[in-house]
Each structure stands twice: as structure tokens, then as C-alpha cells.
Amino acid sequence: MRMTLVPPPLQPIAGGARKNIISGKVKPRFLGCNMEASSGTDERVSGELLSVAHALSLPAESYGNDPDIEMAWAMRAMQHAEVYYKLISSVDPQFLKLTKVDDQIYSEFREIFEKLRIDVLDPEELKSESAKEKWRPFCMKFDGIVEDFNYGTLLRLDCSQGYTEENTIFAPRIQFFAIEIARNREGYNKAVYISVQDREREKEANNGGEEGADSREEKAKKGEEKEVDREAKKKTVKGGEKEKEANK
């Protein structure tokens, strides 16, 4: 049984926004990302969100290189990446189904890119002119089959690592699907799952050890208290006996 992931739709965006988002140099202003608003600014914020939402519904040529829109798309791409990484960290990736046509994507991908190394990608295999000529017809096959097939998506170069600035490039959505479906089916993404699960188990073991130590300390303390109580009772009894003897 495979689990199905339905990532949110994305739009094409430029690399500058990606670099600033991943490096943390830019703080996002839309899409529910750390937006602060007092009661006096709720209306303005709501209006800004509606405005941005409307802009995001327009085709790319309608807004050109508007930095605010570019940032909004960068945030959508980053949110998509975070959801996907959490998914492959918590579920064995070989059981994941990313689209309704995973089988077709994987079959055609490996037919055309039979020897492409996918565990650690070479950007030249994706971005060079010769590579683009090879990728273009593959991508166009899924126009109308995969929703938003050519929208900008973040793709990891080394599949054993996360979405860091050095390990991330932008790729069309269908390219992301082709490579990640192959990584899941061929077992490469399992390294992330195993690593995260190992850390979780280690964390639980450490917490259990600390709780055990606290429990032992608590028991020892209670034992000391009982011993003190016994000694106090002994002294009380002896004191009573001496008092009786004195009265005699």
C-alpha cells in the first residue's frame, strides 16, 4: 500500500529569492509566515493577503520580476520542500506515492535517463544546454497529465542531506517528481528516513535514561527518609523507657 502526497501548486521563480529564503536573510511577509498583526492592522493585513493571493493566481508574464511576488513563490516552494522532507523522514519512502502517474513517470524517466546518477545529482546533468535538450521533451510529455508540471520546485542535490542553500537547486515540478520517485523506489531516500528514526530512538533512550536516574534518586531519597524515621522512632522508644525507669 502506497501513501499519496499531493504537494501544493507552485509557480516559476528566480534563484535570488531561493538563496535569500534558504539562508534566512529575508523574512517572509505573506502566506502565514510569522506575520504579526494587532487588532488595528487586521484589516490591512487581510487586504494584503487577498491582494497577494490574487496576484499569485495570475500567469507569470502578468507580474514580470516583481520582488514581492517572487518572494511569495519562494515561500510556497520552501513550504512544499519542508512538507516533503518531513514526509520522507517519518515514512519509509519506498511506500510513498507522489502522483497518480508515478509508474508512468518512473518508467519514462529511466527509459530516457537510464544511467543518470540520482543519489548525488550533478547540476550540469540538469541545467546545461545539452541536458535541457534532453529534459525538455520528457517534461513536455506530462503537460496536461501532471498538474503545474513546469512550476518551480526545490530539489536536493545530495538525497542524504536536507534542503540547505548549498544542497538545493530549482527545478521544474515534473523533474522533481521524476528524480524523487526514482530515489524513493531505488532506496536512496531511505538514508534520510533511517537517520531521522535513529536520532528519535536515541533521543527516547536518553530521555528514558534520565527518567530512570531521576526515579532511582527519588527512591534513594525516600529510603533515606524512611531510615531517618526509623531512627527517630527508636530514639523515642528509648527515651520513653528511660523515663519509665526514672519514675520507678
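1. Among contacts in the protein chain (heavy atoms within 4.5 Å) between residues at least 6 apart in sequence, 74% join residues that are at least 24 apart. The model is a predicted one, in which local features need pLDDT of at least 70 and side-chain atom pairs count only at pLDDT 80 or more, while totals for chains, interfaces and linings use all residues. Residues are numbered from 1 along each chain as its sequence is written, and side-chain values use heavy atoms, with hydrogens and water left out.

2. The secondary structure of the protein chain comes to 8 helices and 4 strands, taken as DSSP runs numbered from the N terminus (helices H or I, at least four residues; strands E, at least two). Read from the N terminus, the order of the elements is β-α-α-α-β-α-α-α-β-β-α-α. Of the 248 residues in the protein chain, 35% are buried, where buried means under 20% relative accessible area, exposed over 50% and partly exposed in between, with a 1.4 Å probe and protein chains only.

3. In helix α4, the buried residues are Asp102, Ile105, Glu108, Phe109 and Arg110, and these buried residues pack against β2 (96-97), α6 and α7.

4. Helix α4 (residues 102-112) packs against helix α6 (residues 129-140) at an angle of about 155°, with the axes 11 Å apart. That angle makes α4 roughly antiparallel to α6. Axes here are lines fitted to C-alpha atoms, for helices over the stretch in contact, with angles running from 0 to 180 degrees between N-to-C directions; angles under 35 degrees count as roughly parallel, over 145 as roughly antiparallel, 65 to 115 as roughly perpendicular and the rest as oblique. On the α4 side, Ile105, Glu108, Phe109 and Ile112 meet Lys134, Trp135 and Phe138 of α6. The residues of this contact of α4 with α6 divide into 5 nonpolar, no polar and 2 charged, with Ala, Val, Leu, Ile, Met, Phe, Trp, Tyr, Cys and Pro counted as nonpolar, Asp, Glu, Lys and Arg as charged, and the others, Gly among them, as polar.

5. The axes of α4 and helix α7 (residues 173-185) come within 9 Å and cross at roughly 90°, which makes α4 roughly perpendicular to α7. Here Asp102, Asp103, Ile105, Tyr106 and Phe109 of α4 meet a set of α7 residues, including Ile174, Phe177, Ile181 and Arg185. The residues of the contact of α4 with α7 divide into 9 nonpolar, no polar and 3 charged.

6. Strand β3 (residues 152-156) has 5 of its 5 residues buried, and both of its faces are covered, with Gly152, Leu154 and Arg156 on one side and Thr153 and Leu155 on the other. Strand β3 is joined by 5 bridges to strand β4 (residues 168-172), and the two run antiparallel; two strands pair if DSSP finds at least two bridges between them. Within this pair, Leu154 stands opposite Phe170 in β4.

7. Asp148, in the loop between α6 and β3, has a positive phi of about 55° although it is not a glycine, and at 18% relative accessibility Asp148 counts as buried. Most residues other than glycine have a negative phi. Val120 lies in the loop between α4 and α5 (124-127) and is partly exposed, with a relative accessible area of 33%. Val120 and Arg156 are 36 residues apart in sequence and 8.5 Å apart in space, C-alpha to C-alpha. Not counting residues up to four places away in sequence, Val120 touches Leu157 and Asp158.
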